[in-house]
Amino acid sequence: MKPLDPRLLRTASAVRTHLLVATGCGAALTGLILLQAWLVSRVVARATGGAGLEELALVIATVAAVAVARAGLAYGAEAAALRSAAKAKSQLRMRLVRHVTAGVPRDRDAGELVTLATRGLDALDDYFARYLPQLVLAVMVPVAVLAVIAGADWVSAVVVAVTLPLIPLFMALVGMHTQARTNRQWALLNRLGGHFLDVVEGLPTLALFRRAKAEAALVREVTDRHREATMGTLRVAFLSAFVLEVLATLAVALVAVEIGFRLLYGRLDLETALLVLILAPEAYLPLREVGARFHASMEGIAAAQQVFTALDDRAASLTAGTGTAPAGDLRLHGVTVRHPGRERPALDDLDLILPAGRTTLVTGPSGAGKSTLLGILLRFVEPATGRITVGGHDLADTDVDRWRRTTAWVPQDPHLFDDTLAGNIRLGEPDAPMEAVRRAAGLAELDDVVAGLPEGYATRLGERGARLSAGQRQRVALARAFLRAECSPVPPLVLLDEPTAHLDPDNAAAVRRAVGRLVEGRTAVIATHDPAWADELPADAELVRLDAPAPVSGGRER
Amino acid sequence: MSAARRAVRAHGVVRMLGLARPRGGLFALGVLLGAVATASGVGLLALAAWLIATAATHPLVTALGVAVVLTRALGVTRGVARYLERLVTHDAALRTLADARDRVYARLAATEPMRRFRSGDLVSRLVSDTDATQDLLVRGLTPPLSALLVGGGVVALSTALLAEGGLLLAAGLVLAGVAVPLLAARAGRGPGRRATSARAELSTALVDALQGAPDLVAYGAMDRAVARVEAADADLTRTARRDARLLGLGAGATALLAGLTLWGSLLLGVAAVSDGRLGPIPLAVLVLTALAAFEIVAPLPAAAARLGAVRASGERLFAVLDTPPQVRPASDEPVPAGPADLRIRDLTARYDGPLVLDGLDLDVPAGAHVAVVGPSGAGKSTLAAVLFRFRDAEAGSVRLGGTELLDRSPDAVRAVVSGVPQDPHVFDSTVRENLRLARPGATDDELRAVLARVRLDLDLDDPVGIRGSRLSGGMRQRLALARALLTDPAVLVLDEPTAHLDPATRDAVLDDLLDAAAGRATVLITHDLAGLERMDHVYVVREGRVTEHGTPAELLADGGWVAGRPLSRSTADR
């Protein structure tokens with residue numbers, strides 16, 4: 001992993017500012033470190049030479065001034081770094097959000113993206129505030145210190161100049177040697193760590209089979225193996241810190257002894273010797289710090305790289321027309337749809353007529369392409385081949401947003417937003433008057449739900465509509481569809497996906513009644529497993545059966 | 001916060017440290033090694049200062065001999081001691097973690113059915129809380145103790161050289177090592193809280209925009225959702241930028257204290273040299289010791305910043321460890337095996353609030369299949385928990401033949417009553433290991449036979465994945481039933497065995513479950529009316545009591561809860 005990802009610099013302008021500030025602070029801090037060492041060695045040497053408090057007052061006062069300046073700089077650098085970090089995180093986050101919300105909705109793990117955009121990016125705080133400034137210091141301070149030591153005592157400078165490069169060299173060697181080994185062991189550790197979670201989660205099952213006590217011994221055994229494996233990893237992982245520490249301290253010890261002897265033989269004065277002694281550890285300190293902070297900060301870098309990976313994933317583009325939304329019979333002419341990464345087409349050369357003003361019931365087993373059919377009608381998916389026409393006009397010539405404004409869609413598992421009930425119903429029609437919302441809610445059998453909410457339509461439904469049951473959420477989605485149907489400029493296309501799957505009998509009955517009202521007299525498509533729906537629909541409803549192209553074995557998941 | 005409450009909260013940390021007591025010897029060794037490592041660093045500079053200041057007086061070479069050897073030795077001891085300290089403390093912490101896991105597991109096993117800890121999120125948090133003990137011990141226990149040891153030694157040395165110098169150093173170290181970290185942690189709490197609430201708002205807006213993307217795009221509302229994310233992001237960023245001012249204070253204060261202590265040492269030292277109370281050599285040692293001493297307190301801010309999180313972990317951990325068992329001790333005398341009638345009379349149970357079961361009567365004749373249906377929250381799952389002896393009933397009786405099950409220990413009852421609990425757990429192992437849980441001595445032929453009975457075509461060596469992720473929902477339920485059949489119970493209890501299955505799978509699974517249970521007393525608990533016509537008797541439970549019961553035909557005819565709800569069966573191909 002690179003210590004400084006160039007994509008991070010390009011993507012977030014705040015990072016460039018931050019680097020400038022960090023470099024400035026680093027330079028000032030380097031100057032103060034050198035100044036403090038010089039002042040201290042001077043005071044001690046002059047006092048040894050017999051100088052009193054009055055003569056040294058100015059130098060000692062300068063030490064206090066340096067202390068205050070270093071503190072101010074430490075505070076300012078940290079605060080500035082955290083401010084830059086907040087800015088950079090915001091820039092990355094919003095780029096990510098704009099990128100993934102653009103275009104057609106894609107199948108992806110939303111939970112993972114949310115974690116990445118919040119907690120994942122927060123790990124960048126450590127990277128910006130702790131690691132980057134230290135990296136700057138790790139470059140500047142050793143060079144500056146070495147230059148000063150070289151000016152004061154060239155033999156010490158040689159010792160430092162020889163040992164300093166050894167540190168990164170040895171760390172790289174140790175790192176290369178241990179990398180493969182630690183990777184293997186971390187994989188084992190993850191597996192063993194997962195075992196405890198597995199056993200605790202399965203405790204009711206273990207208890208039921210009277211195995212809880214026997215399993216306790218196994219937990220102990222696995223945990224002990226976990227400990228041994230961890231220790232094996234740590235013995236190796238701590239080696240690089242060991243090398244660093246030994247080299248740094250040993251070098252200081254060698255320098256101390258060397259200047260001691262030169263002092264003894266009068267080839268060096270006390271002030272210079274003290275200056276070298278004080279500065280020598282300072283050359284190694286930033287390297288040790290940067291090593292210690294490396295791992296914590298790499299989490300942030302990993303998160304940033306995940307963001308870049310997500311940014312590289314481009315949405316499929318739609319043929320975007322500009323025409324107004326046509327009306328009339330919907331026809332599919334030889335439509336084939338392929339989902340990326342799957343061999344079998346989701347729809348294979350499908351010809352279909354959806355007559356205007358009537359309901360078409362599309363049944364078939366899972367995987368037959370029912371949802372894909374709704375997807376192409378919503379223009380979420382583009383057919384690989386074939387055409388869709390509406391009243392004879394090609395759907396691809398129609399402006400996508402205008403077309404969607406004439407569709408009313410009720411998905412299988414509708415998403416309710418952390419907003420009021422009225423806001424959720426108004427999703428597609430934010431300016432619809434309250435009477436229209438009430439009418440839509442009534443048609444969707446929501447009246448009893450509204451009555452049960454503490455603030456009626458103004459009640460916030462919580463994250464994912466947590467306040468409501470699955471059946472109630474389905475009815476809110478129906479109310480959305482009723483409202484859209486009422487506001488649509490042309491007679492809308494009603495699309496329903498498994499409206500009653502997984503609902504208890506009471507809710508299913510209410511949803512069935514509302515669906516009956518919604519499809520009446522409108523062009524509608526109902527996709528469902530359940531052929532019993534045929535009995536609920538008007539007599540002129542069309543029945544279409546889609547078959548999965550490949551044989552389906554029992555016990556497949558939905 | 002009241003003083004009493006604060007005492008309780010501090011308790012969490014203290015009790016977590018208490019977990020480490022059996023490993024006291026190892027930790028003491030770790031503290032000692034850590035002290036040696038830190039002392040080597042500070043001592044190296046102090047000794048070097050003495051060496052140089054002495055050399056400046058041009059003594060004989062032999063006067064420096066010991067110091068030279070010691071200086072070189074210190075150059076090595078620091079790295080070696082630090083390496084050993086890390087190994088020893090990690091080993092001790094991992095051993096303590098193993099003890100903590102033992103205790104958590106044993107307590108959870110006794111507090112079944114762990115209703116409160118059942119959800120995956122809570123369980124994984126509990127597991128990471130257990131792991132937090134390791135973090136506390138490695139970062140929170142040994143560094144402060146080592147710092148205390150070395151800090152004391154360094155202050156003693158400085159005091160011996162110059163009393164006021166030692167006092168000054170002590171004050172500086174205490175302020176930088178204790179006061180500043182604690183104050184910084186406290187100052188960080190406000191920003192932490194503000195960031196958490198701003199982040200929660202952002203997180204909700206993000207969930208809505210990403211998870212609700214299809215709904216938003218279909219209804220043309222994505223722009224508004226992104227605008228909401230943008231507003232939440234701006235709010236979080238503003239809060240973080242404002243609070244950056246507070247969070248930098250710790251770093252600044254530590255640097256200030258270190259610098260001012262050095263300044264004070266110079267001032268006091270030079271004055272003492274002028275007075276003739278201090279020689280030039282001790283002056284160099286005093287000043288360079290003050291310069292190096294702040295390395296001792298460097299790891300403490302990180303320890304203090306963790307205290308809050310560790311305390312919260314400790315509270316959750318000890319809430320589990322302090323939970324009393326859910327089942328009173330009872331007789332281990334075995335329940336006679338063999339077919340018998342199950343009679344439940346006047347069964348009453350509650351969690352902390354109102355009654356969940358309120359005088360429930362139910363009969364399961366030997367060999368009969370009985371369904372318990374009703375809306376969610378009616379008390380059906382509590383009935384299953386009582387039958388499995390996951391929890392005690394408040395009153396009433398559950399008799400199997402002539403035996404009162406509520407007077408027998410959970411393990412005695414589970415030898416004759418078994419089945420499929422809600423969300424049965426499939427362990428991350430092979431099919432064979434998952435089956436042998438129920439009967440450890442079973443032969444492969446027996447296991448294959450039971451798989452055939454539940455119509456599951458799996459190889460015994462097939463891995464099932466984490467939580468059975470390599471199996472479909474229907475296959476997991478079949479595997480769970482196969483497991484239950486292996487125990488050959490007198491009464492089989494199936495708690496919502498078809499939840500989360502699609503209609504076609506649901507019907508196939510239910511048919512096969514009931515076929516496999518033929519001739520065995522079976523209680524099917526469900527909110528779903530599909531397949532009820534295959535049952536011998538159906539009980540409708542609402543608000544903790546039976547409101548109607550009869551054969552499926554009777555219930556359909558009488559116009560009650562079951563009638564009017566279609567017993568819809570998927571006719572889609574299976």
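Mentor: Two strands pair if DSSP finds at least two bridges between them. Helices (H or I, at least four residues) and strands (E, at least two) are DSSP runs, numbered from the N terminus. This is a predicted model, where local features need pLDDT of at least 70 and side-chain atom pairs count only at pLDDT 80 or more, while totals for chains, interfaces and linings use all residues. Residues are numbered from 1 along each chain as its sequence is written, and chains are lettered from A and ligands numbered from 1 in the order in which they are written.

Let's look at the open sheet in chain B. Its four strands come in the order 2-1-4-5, with antiparallel pairing. Strand 2 (355-364) and strand 5 (403-404) of chain B sit at the edges with a single partner strand each, so one side of each has no neighbour in the sheet. Further in, strand 1 (residues 342-350) and strand 4 (residues 395-400) of chain B run antiparallel, joined by five bridges. Find B:Arg343 and you'll see B:Arg399 of strand 4 of chain B opposite. Helix 11 (residues 380-387) of chain B packs on this sheet and touches strand 1, strand 2 and strand 4 of chain B. Contact here means C-beta atoms, placed from the backbone, within 7 Å. The direction of helix 11 makes about 65 degrees with that of strand 2 of chain B; axes are lines fitted to C-alpha atoms, for helices over the stretch in contact, and angles run from 0 to 180 degrees between N-to-C directions.

Chain A has parallel strands to set beside that. Strand 7 (residues 493-497) of chain A runs parallel to strand 6 (residues 407-410) of chain A, with four bridges, and parallel to strand 8 (residues 523-528) of chain A, with five. A:Leu495 is the bridge partner of A:Trp409, and A:Asp497 has A:Ala527.

Now for where the chains meet. The contact takes 128 residues from chain B and 118 residues from chain A. Helix 3 (residues 65-110) of chain B gives the largest share of chain B's side, 23 residues.

Of its 347 residues, A:Val40, A:Leu277, B:Ala49, B:Ile52 and B:Val491 touch the most other members. Helix 3 of chain A supplies the largest share, 21 residues. Leaving aside neighbours within four places in sequence, B:Ala49 is in contact with A:Leu277, B:Ala284, B:Val285 and B:Leu288.

Finish with A:Ile278, in helix 10 (residues 270-312) of chain A. A:Ile278 counts as buried because 26 C-beta neighbours lie inside 10 Å. Not counting residues up to four places away in sequence, A:Ile278 touches A:Ala37, A:Val40, A:Ser41 and B:Leu291. Between the C-alpha atoms of A:Ile278 and A:Thr11 there are 41 Å, and the two are 267 residues apart along the chain.

Conventions:
Two residues are in contact if their C-beta atoms, placed from the backbone, lie within 7 Å. A nonpolar core is a set of buried Ala, Val, Leu, Ile, Met, Phe, Trp, Tyr and Cys residues joined through C-beta atoms within 7 Å. A residue is buried if 20 or more other C-beta atoms lie within 10 Å of its own, exposed if 12 or fewer, and partly exposed in between; C-beta atoms are placed from the backbone.
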